[in-house]
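Dear colleague,

Please find the structure below. My notes on what was found in it follow directly after.

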Amino acid sequence: MDCRRLRQCLALSFLLSAIAAPAAAGEGSPAQPLEKVRIAYSSISGNQVPAWVALEQGFFRKNGLDVELVFIEGGTRAANALLSGDVTFSQMAGPSVLQSNLQGLDVVIIAGFLNTMDYQLMVHKSITRPEQLKGKTLAVSRFGSSSDFATRYALDKYGLVPDKDVIILEIGSQPARFAALEAGKIEGAMVAVPLTLKAKALGFHALADLKMLGLEYQHTALATTRSMIKSKPALVRNALRAFVEAIHYYKTHRKESLAILRKYLKDNDPQDLEETYEAIGLTLIPEKPYPTLRGIQIMLRELSAKDPKARTARPEQFVEMSFLKELDSSGFIDRLYKSQPIVASRETTGRPSPSVTVQEKASPPVTVQEKGPREKSSAKSSLASPRMKSAPTTFVASALPEEYTVQAGDTLSHIAGRFYGSEYKWRKIYQANATTVKNPNFIYIGQPLLIPAD
């Protein structure tokens, strides 16, 4: 009797397992065969990490995609690869998307991975003030690229005329620019983390930090074509879901993400990797990677000097945000971070804030005013990341006045907040330095400031 009951139980268990197996197989894995997709990334830098994580941690496969990642250097080449059908998606510089679109080509942004610039202008140690750049040579990757825009933008803010006061050369990728700087072939170049640390170790220093200017800019975007969106919306939806999951994983798995950075950056220096992980991944890459319409408008304003079509173009024509809005409104992204919060940075406790909202009436204006009327700043600025270490965290009021040297990441409001306990008092510092600070938006690294008594 016991043996018979045992056989019946085993048979019932086998039957239930057979019934449950198909359901279990379908949960978390695609019902259909994986769809083969090629995705390009256009530079070897930390802002390209979403695609690397999505591949290495299986988020593409989880969402039904068999992805081959390919490196196509430069946004223009990446855009051409999209148009030719060689790749389906591309992580690439925003300017290349805008320029292709203005030419009537079928390229569109579906996500924004870096909506500001992480560049620092690294220069020879003999150059301590912006005016000393006159007659010097700076390098960019290619004319029209993000590094080119950043260089011209910084020079303009410091009253220098590109190609007249300063020579600008096309050299290539960031490693190529760094090699030219190290070899003494140029006097300066826009360099991003982690090469900033290596440049400083070699005696170069940062004359300008683009984040100090409060600039919104579509530095890195995920792009595809509108024809792909129309013909395969499910493919686009699955790919974007994989990227969103990869960003969450990156922000919540430090050790594993550092290993991925080490592999793709080919950098074994722990300090470089930690700096890249925090300065870009934790601080700048958004949890909800919406493109920056205001940043695109700023870029169009810059392009309008050479392309009349940019003058009448609207930011909305370069983006397709319906897929991201769909993910967001469903609660999918919020649930990811609710179930597993972001890891704390090395220098903060709790969740690091990627940015702080600009208080337009209290802080110095940070909107770009090259051409046209001043826009109200409804965006978020990356000026006051909790990781910045400019003014001291504690101070003795009786020690003021004192002299302070501007460091990377500083703004007048940020310095006022540290010395006076209130960002609203930035005007006090501005007025005390009126002879040397002509515009409260644009201070440069190494600039001496008098911090007056409160």
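Leu261 touches Val49, Trp52, Tyr250, Lys266, Leu273, Thr276 and Tyr277, leaving aside residues up to four places away in sequence; a contact here means heavy atoms within 4.5 Å. Together with Trp52 and Phe89, Leu261 has the most contacts inside the largest nonpolar core, which has 54 residues. Such a core is a set of buried Ala, Val, Leu, Ile, Met, Phe, Trp, Tyr and Cys residues joined through side-chain atoms within 4.5 Å. Buried means under 20% relative accessible area, exposed over 50%, and partly exposed in between (1.4 Å probe, protein chains only). Helix α10 (residues 233-252) supplies the largest share of this core, 11 residues. Helices (H or I, at least four residues) and strands (E, at least two) are DSSP runs, numbered from the N terminus.

Another core, of 52 residues, lies apart from it and includes Met190, Ala221, Val319 and Met321.

The model is predicted: local features need pLDDT of at least 70 and side-chain atom pairs count only at pLDDT 80 or more, while totals for chains, interfaces and linings use all residues. Residues are numbered from 1 along each chain as its sequence is written, and side-chain values use heavy atoms, with hydrogens and water left out.

Turning to the whole protein chain, there are 18 helices and 14 strands. Of its 454 residues, 54% are buried. Among contacts with a separation of 6 or more, 76% join residues 24 or more positions apart.

Finally, Ile167 lies in strand β7 (residues 167-170). Ile167 counts as partly exposed because its relative accessibility is 43%.

With kind regards
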